[in-house]
Amino acid sequence: MKSRSTLALVAYRGLRTFEYSIAADLFGHERPYLGVPWYKTIVVSPERGTLSGVGGVEVRADAPFEAIARAQTIVIPGWRDVEEAPPEKLLDALRAAAKRRARIVSLCSGAFVLGAAGLLDGKRATTHWLFADSFKRQFPRTQFEADVLYVDEGNLITWAGSAAGLDACLHLVRRDFGAAVANTVARRM
């Protein structure tokens, strides 16, 4: 990565706060000690107002949802209910992002959002083992990969369980800035 890129972190009602916190903490802090153009992290939401999350946490988007259109990376930190269709506004934005070759990353059950957008058709993907049967039923055109931490399909990356989210975020840092920077961030966290 040559210049600072925008990373959009998607928030929603019923937010999976553990997955959200991992991405917000890793990408949201300025890290001048690294000597690299760190991410410009914005929080967007297809839903208005204060968004309540697991554990009573409340989050507000700090950018209008339309700002997702300029993000080079979009992170979907889980999804509130794997049997609930995400808002069409979010799905449309992800389809447009995929067309412009933005990188889209799902943590844990966030793979259901990518699947609902049709982005995983004909591709490999993973999610939390607890949701494997539901994922395979809902997205039969996706090759589900069990027993892996993540599947990297270039611009579409899906991660398994919640705790794997930290590894997911460090994987992105390694791709963007190299192993030395990723290791420094990992030690700092």
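## Exercises on a predicted chain

**Exercise 1. Work out why the radius of gyration of the chain agrees with a compact globule.**

Solution. Start with the rule: 2.2 Å times the number of residues to the power 0.38, with the radius taken over C-alpha atoms. For 189 residues, a compact globule would come near 16 Å; the chain has 15 Å, which agrees. Next, look at the box: along the principal axes, the C-alpha atoms fill roughly 45 × 35 × 35 Å.

Before going on, a word on the model: it is predicted, so local features need pLDDT of at least 70 and side-chain atom pairs pLDDT 80 or more, while totals for chains, interfaces and linings use all residues. Residues are numbered from 1 along each chain as its sequence is written, and side-chain values use heavy atoms, leaving out hydrogens and water.

**Exercise 2. Find where T127 lies, and decide whether T127 is buried or exposed.**

Solution. First, locate the residue: T127 sits in the loop between β7 (124–125) and α4 (132–138). Helices (H or I, at least four residues) and strands (E, at least two) are DSSP runs, numbered from the N terminus. Then check accessibility: buried means under 20% relative accessible area, exposed over 50%, partly exposed in between (1.4 Å probe, protein chains only). T127 has 2%, so T127 counts as buried.

**Exercise 3. Identify what T127 touches.**

Solution. Begin with the side chain of T127, which reaches the backbone oxygen of C108 at 2.7 Å. Now list contacts (heavy atoms within 4.5 Å). Leaving aside neighbours within four places in sequence, the partners of T127 include C108, S109, F135 and W159.

How values were computed:
A polar contact is a pair of N or O atoms within 3.5 Å; within protein, one must be able to donate a hydrogen and the other to accept it, and residues adjacent in sequence count only if both atoms are side-chain atoms.
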